[in-house]
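Hi everyone, thanks for coming. Please have a look at the chain on the screen, and then I'll walk you through a few places in it.

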Amino acid sequence: MQKLLSPEEIATQAGSEGSTNRLPAPHLFAERAARLRTLADGHAMGDFLRFAARLADAQQSRLDKLTAPRPDSAHLERCRQHGMPPLDAQGAELPADWQDSLKALAADVAAHAPAGLQNAIAGLADIPAERLDALARAILRCEETLSNPLELALAPLIGAALQVQWTARAQALQVGDIPSGFEDSLCPACGSHPVASIVRIGDAGHGVRYAACSLCACEWHVTRIKCVPCHNTRDIAYQGLENEQGNPHPAVKAETCPECHSSLKIVSMEKDPFADAFADDLATLALDMLVDETGFHRAGRNLFLFTP
Ligand code: FE
Ligand code: FE
């Protein structure tokens with residue numbers, strides 16, 4: 001009988017060739033912006049999706065100017081051995097230049113932002129740097145410490161700035177730097193929650209499913225027909241959107257788990273080769289409402305929609 005490997009053994013054996021992880025693409029945010037504009041056409045939330053596209057464009061401009069260092073090899077080795085995320089978003093120091101990213105994004109999108117965010121951007125200079133750091137940490141740790149309306153309005157912009165910083169850091173990694181083979185519910189690169197999962201085509205393996213990180217945009221392999229948050233495989237079911245014309249967004253389904261009552265979306269590139277986990281998640285909030293009505297809570301985290 002063949003011996004089953006422990007997660008640690010799998011991780012140690014997995015080199016860059018056998019890696020089950022994917023690093024973010026160089027033009028990730030520009031591609032996302034294009035996808036958001038396509039999805040905005042004729043959509044009930046078209047204005048919101050077009051604004052999200054502007055914000056994604058601003059993220060790409062900022063990302064293009066950033067260079068992040070690769071962590072030292074001793075740190076990477078330790079993380080790989082113990083299955084720890086090398087770019088830990090919960091405990092580690094904030095990147096020194098993250099507030100520069102926040103201000104760059106604010107300047108880029110201010111003229112086009114919804115009224116609430118415009119007011120918040122106008123008041124940004126009055127918020128002490130220490131308070132902005134505290135807000136960023138609260139978002140990274142999913143803590144409910146944002147209470148006043150101005151801070152809540154700023155949250156998606158802070159989330160967008162943090163995404164840029166962590167994506168730059170993830171792009172500085174080599175794929176073998178990330179612990180592999182754990183199939184965890186959190187990102188193996190930064191420890192954040194997934195935004196959704198995506199079934200890929202082409203070089204990533206036809207029909208292979210990955211969970212997409214809500215922060216650093218790395219992707220990690222997850223088995224199909226298996227709950228990402230709790231790993232249950234029994235009685236997994238799927239829900240899609242429906243209107244008089246049929247399914248308005250056939251590339252997105254919600255996978256529901258009767259064990260933990262959570263639901264994570266599956267975005268299928270087999271159905272639409274231009275699908276993007278983050279963009280298609282934003283365009284299918286109606287599906288979250290539908291799933292919520294049947295007793296399942298949303299497991300995906302989208303930093304443009306601030307929910308602690
Ligand atoms: Fe991540
Ligand atoms: Fe579950």
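Let me start with a term: a residue is buried when its relative accessible area is under 20%, exposed when it is over 50%, and partly exposed in between, using a 1.4 Å probe and protein chains only. With that in hand, look at C187, which is buried at a relative accessible area of 3%. C227 is buried too, with 4%.

A word on the ground rules. This is a predicted model, in which local features need pLDDT of at least 70 and side-chain atom pairs count only at pLDDT 80 or more, while totals for chains, interfaces and linings use all residues. Residues are numbered from 1 along each chain as its sequence is written, chains are lettered from A and ligands numbered from 1 in the order in which they are written, and side-chain values use heavy atoms, with hydrogens and water left out.

Now the overall layout. The domain assignment gives domain 1 as 26-176 and domain 2 as 179-298; such bounds come from an automatic or database domain assignment. The C-alpha centres of the two domains lie 21 Å apart. Their contact takes 27 residues from domain 1 and 25 residues from domain 2, and contact here means heavy atoms within 4.5 Å.

Next, a pair of helices. Helices are DSSP runs of H or I with at least four residues, strands are E runs of at least two, and both are numbered from the N terminus. At what angle do the axes of α5 (residues 98-109) and α7 (residues 129-140) cross? Roughly 90°, and the axes come within 11 Å. Axes are lines fitted to C-alpha atoms, for helices over the stretch in contact, with angles from 0 to 180 degrees between N-to-C directions. That makes α5 roughly perpendicular to α7, because angles of 65 to 115 degrees get that name, while under 35 is roughly parallel, over 145 roughly antiparallel and the rest oblique. On the α5 side the contact is made by W98, Q99 and L102, and on the α7 side by A129, L132, D133 and A136.

Let's stay with helices. Q59 sits in α3 (residues 46-65) and is buried, with a relative accessible area of 0%. Beyond residues up to four places away in sequence, Q59 touches F29, L105, A160, Q163, V164 and F304. Q165, in α8 (residues 149-171), is buried at 4%. Leaving aside neighbours within four places in sequence, the contacts of Q165 include W98 and S101.

On to the strands. A254 is in β6 (residues 252-256) and counts as buried at 1% relative accessibility. Among its contacts outside four places in sequence are Y238, L264 and V291. A254 and A74 are 180 residues apart in sequence and 40 Å apart in space, C-alpha to C-alpha.

Finally, the loop between β4 (219-221) and β5 (237-239), where you'll find H231. H231 has a positive phi of about 70° although it is not a glycine, and it is partly exposed at 35%. In the loop between β4 and β5 there is also D235, with phi near 55°, again positive in a residue other than glycine. Is D235 buried or exposed? Exposed, at 64% relative accessibility.
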